[in-house]
Amino acid sequence: MNTPKFIPLTNEEMAVWLNNFSSKLPLYSAKYLIHPDEVADMQQSSKYFTYVVGYHQKIDRYKIGLTAFRDKLRDGDPKKDEIANLPALPTFDPPPVAVPTGIFKRAAAIAQRIKKKKGFLQSDGYDLGIIAPKPSFNPQTAQPTFSLRLVNGGHPEIAWKKGKMDGVEIYVKRNPDESFSFYAYSQYPNYIDMHALPPQGTAAVWSYRLIYRYKDNLAGFWSSEAAITVSG
């Protein structure tokens, strides 16, 4: 699907956008001739997509914790050994009614029909979120996003986007019992962490988070945390 610019790119932001669109669509359905079945579909789709995004987040957090638990169970603690209790599985509320796939394809089609209607008002478009906001640059609201992969014989590569910022400070946690600590300042994507890998035959979970720098100062918000398993 060629996603329209007014629809955000991350799943979490898409869920927020769809909630606004579906909740306000009934206010404009008569004016722009949107069928009640389409309104109902968007409202149910918003509930289901939000649920699935949250479901996925819980699974991801559980997988990171389970990986750290497995490695600690295998290798022990340098200071002491302790009883290792298996992390509890995440719990979930019952899912909403399922909807067909292609939620945002349907939402975009409705939005485009609205925008082509005679008498369409831009104020309505902004209220529904179907007009892409004008880009603005505010370094104090910037938040890095990044991904991880293994390169160069098993070292993590941190893929991040620079935009108009000067660079990012990279913080790392190489042990689940430690706190994040500063590791490097990177001015140009991407960055490869060349820290010594674990001893041969062992593995560890390294976690990262980033924050931008702009004009020699920290700027914006911390990124979300991400983790990757590295092996010796």
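Student: Why is the contact between D71 and R70 called a salt bridge?

Tutor: In this predicted model, the closest N and O atoms of D71 and R70 are 2.9 Å apart. The cut-off is 4 Å between a side-chain nitrogen of Lys or Arg and a carboxyl oxygen of Asp or Glu, so the pair qualifies.

Student: What makes D71 buried and R70 partly exposed?

Tutor: D71 has 7% relative accessibility, and buried means under 20%. R70 has 42%, which falls between the 20% and 50% limits, so R70 is partly exposed. Both residues also belong to a network of salt bridges that links R70, D71, R74 and D75.

Student: How many salt bridges does a search of the whole structure find?

Tutor: The search finds eleven. One of them joins D127 to K24, with the closest N and O atoms 2.8 Å apart. D127 lies in helix 4 and K24 in helix 1, so this bridge ties together parts that are 103 residues apart in sequence.

Student: Why are D127 and K24 classed as they are?

Tutor: The relative accessible area of D127 is 25%, and K24 has 23% relative accessibility. Buried would require under 20% and exposed over 50%, so D127 is partly exposed and K24 is partly exposed.

Student: What makes D193 and R174 a salt bridge, and which parts does the pair tie together?

Tutor: Their closest N and O atoms are 3.0 Å apart, and the limit is 4 Å. D193 is in the loop between strand 5 and strand 6, and R174 is in the loop between strand 3 and strand 4, so the pair ties together parts 19 residues apart in sequence. D193 is buried at 0% relative accessibility, and R174 is buried at 18%, each value being set against the limit of 20%.

Student: How do you know that R174 sits over the ring of Y183 and over the face of W206?

Tutor: The charged end of R174 is 4.9 Å from the centre of the Y183 ring. For W206, the distance to the ring centre is 4.3 Å. The distance limit is 6 Å, with a further condition of 35 degrees from the ring normal.

Student: Why is the aromatic pair Y28 and Y32 called tilted?

Tutor: The ring centres of Y28 and Y32 are 6.4 Å apart, and the planes are at 35°. Centres must lie within 6.5 Å; stacked needs under 30 degrees and edge-to-face over 60, so the pair is tilted. Y28 and Y32 are buried.

Student: What makes F49 and F104 edge-to-face?

Tutor: The angle between the planes of F49 and F104 is 75°, with 5.1 Å centre to centre, and edge-to-face means over 60 degrees. F49 lies in helix 2 and F104 in helix 3, so the pair ties together parts that are 55 residues apart in sequence.

Student: What makes strand 6 and strand 8 a pair?

Tutor: Six bridges join the two antiparallel strands, and at least two are needed. A204 stands opposite V230 in strand 8.

Methods. Residues are numbered from 1 along each chain as its sequence is written. This is a predicted model: local features need pLDDT of at least 70, side-chain atom pairs count only at pLDDT 80 or more; totals for chains, interfaces and linings use all residues. Side-chain values use heavy atoms; hydrogens and water are left out. Helices (H or I, at least four residues) and strands (E, at least two) are DSSP runs, numbered from the N terminus. Buried means under 20% relative accessible area, exposed over 50%, partly exposed in between (1.4 Å probe, protein chains only). Rings of Phe, Tyr and Trp (its six-membered ring) pair if their centres lie within 6.5 Å; planes under 30 degrees apart count as stacked, over 60 as edge-to-face and the rest as tilted.
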